[in-house]
Amino acid sequence: MPFFGFKGGVHPDYNKSLTMEKPVETLPVKPGDKYYLPLSQHIGAPAKPVVSKNQQVKTGELIAEAGGFISACLHSPVNGKVVSISHVVHPMAGRMEGIVIEADETNDEFVPISDEGTFQQIVQRAGITGMGGATFPTHVKLSPPKEVDSLLINGAECEPYLTCDHRMMLEETMKIIKGAVLIKEKLRIKNLIIAIEKNKPDAIKLFRKYEKEYGFELVPLYVKYPQGGEKQLIKACLNRVVPEGKLPVEVGVIVHNVGTAAAVYEAYTERKPLYERIVTVTGAVVNPKNLRVRVGTPILTLVEACGGFVGIPKKMVMGGPMMGMAVTSVETPVMKGTSGIVVYREEDMPNLTKYPCIRCGRCVDACPMLLVPSIMDRFVKKEMYEALEEHHVLNCIECGCCSYVCPSRRTLVGGFKTSKRHIMQMIKERGAKNA
């Protein structure tokens, strides 16, 4: 299959060697451990609790039901007791409503979900969201409003440091393939493509073995960030451009992360809800690892499983360093979309002193969405949101390429993120006024 590539992007130091050779270890559940489960672990409406304080729950038991169509169910990650329903630490919101469960016994059994209903209803019942970090409820993606001819399975894992998808591709190859084939058959999609960056040659070799047997096309991708972005992946593999403000389905494509495909397989064939995932824990920890952990596990527990911090931690990032979120508390729990925890010391941090823009244009060359970040930054400073809207800031995928290449170390993408929220509110008010 041809490779079309995409314009822009950057080549950061990938730093994957710390964990890429390390098989996934399962973090054991210990009686007395507490698991913190925010009700919003996905894009859309928060889930609604269906348990009460002091109630005993089993692993996989429904503890919160979806709060709407664009929402996801939440299941207990352990056998234990609900010790509180109150506010818990959330990586984006600071604190928000959630459920705290204290484990009281350990085993590998789980309460299976019902197999009644459609394919989409079973996936919805399993509480699956995008495992790559976007956390879009999977059953919504599996209900396209128009015809789709291509299913793209995203094995790029282009973020530096992260290797959880790489290890899953090596260790759970068939789950990914069978999950992808299941989606293809249930939605009657013509083309199935599995795309993997070339810095994972062992994974490419492994998937290549099954290409003809399971009827998919394997596309080895050039190593470039943000190769794993949906719009970039679609352009690279299919040479199709998703229009501004639209979803991939607009050009006849659905994209799922490799972990999501495996989760769909487990939900449909094993009736397993999503209550655990693989997380890469790396950077300034004694022994970086890929860990299979229960959703709701605090970051500190993961760090301790890796031998503790090396030196004094200066910054912790949930996800990859390019698009991840800086978290301020080691109590922050693993969410369904948490792919990694990266720890930095003071000496690991770059010089972040900002200088005025020198109009070098590097951000323009690096932007994979063909935007002009340097000009947009001027509008951000002056809070000129109408002008920012005209310069298509809503098309920014917040990949951070502009900030990465800026020699003046300007935090461009941070301003765009904030401005997008203002503009969305502005558009909402404009619509209400014209209604």
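**Exercise 1.** Find which residues C399 touches, not counting residues up to four places away in sequence.

*Solution.* Step 2: go through the surroundings of C399, which touches Y225, P226, M322, M323 and P368 when residues up to four places away in sequence are not counted. Step 3: place C399 in the chain; this residue sits in the loop between α12 (385-390) and α13 (401-405). Helices here are DSSP runs of H or I with at least four residues, strands are runs of E with at least two, and both are numbered from the N terminus. Step 4: check the accessibility. Because its relative accessible area is 6%, C399 is buried; buried means under 20% relative accessible area, exposed means over 50%, and partly exposed lies in between (1.4 Å probe, protein chains only).

Before you go on, a word about the model: it is predicted, so local features need pLDDT of at least 70 and side-chain atom pairs count only at pLDDT 80 or more, while totals for chains, interfaces and linings use all residues. Residues are numbered from 1 along each chain as its sequence is written, and side-chain values use heavy atoms, with hydrogens and water left out.

**Exercise 2.** Work out which residues the UniProt annotation "binding site" covers, and what the largest C-alpha distance is.

*Solution.* Step 1: the unreviewed UniProt entry lists C367, C396, C399 and C402 under "binding site". These residues are spread over 36 residues of sequence, yet they cluster in space, with a largest C-alpha distance of 10.5 Å. Keep in mind that UniProt positions are given in the numbering used here, feature names are shortened, and annotations may be inferred rather than shown by experiment. Step 2: look at C367, found in the loop between α10 (362-366) and α11 (373-381). Step 3: with a relative accessibility of 8%, C367 counts as buried. Step 4: setting aside neighbours within four places in sequence, C367 has contacts with K7, G8 and P373.

**Exercise 3.** Is R167 buried or exposed, and with which residue does R167 form a salt bridge?

*Solution.* Step 1: recall that a salt bridge is a side-chain nitrogen of Lys or Arg within 4 Å of a carboxyl oxygen of Asp or Glu. Step 2: R167 pairs with E171, and their closest N and O atoms are 2.9 Å apart. Step 3: look at the helix. R167 and E171 are four residues apart in helix α3 (residues 164-171), so about one helical turn separates them. Step 4: R167 is buried at a relative accessible area of 9%, whereas E171 is partly exposed at 36% relative accessibility.

**Exercise 4.** Find which residues are linked with E266 in a network of salt bridges.

*Solution.* Step 1: the network links E172, K175, E266, K272, E276, R292 and R294. Step 3: turn to E266 in helix α8 (residues 258-270). E266 counts as buried, at 11% relative accessibility. Step 4: apart from neighbours within four places in sequence, E266 is in contact with E172, K175, R271 and K272. Step 5: for the overall tally, the salt-bridge rule gives a count of 20.

**Exercise 5.** Which residues does I153 touch, not counting residues up to four places away in sequence?

*Solution.* Step 1: locate I153 in strand β9 (residues 150-155). Step 2: at 0% relative accessibility, I153 counts as buried. Step 3: beyond four places in sequence, I153 touches I176, A180, L192, I193, I194, A195, H256, V258 and A261. Step 4: pick H256 from that list; 103 residues separate I153 and H256 along the chain, but their C-alpha atoms are separated by 5.1 Å.

**Exercise 6.** Describe the protein chain as a whole: how many helices and strands are there, and what share of its residues count as buried?

*Solution.* Step 1: the protein chain has 14 helices and 17 strands. Step 2: of its 435 residues, 53% count as buried. Step 3: its C-alpha atoms fill a box of roughly 60 × 55 × 50 Å along the principal axes. Step 4: among contacts with a separation of 6 or more, 71% come from residues 24 or more positions apart.

Conventions. Contact means heavy atoms within 4.5 Å.
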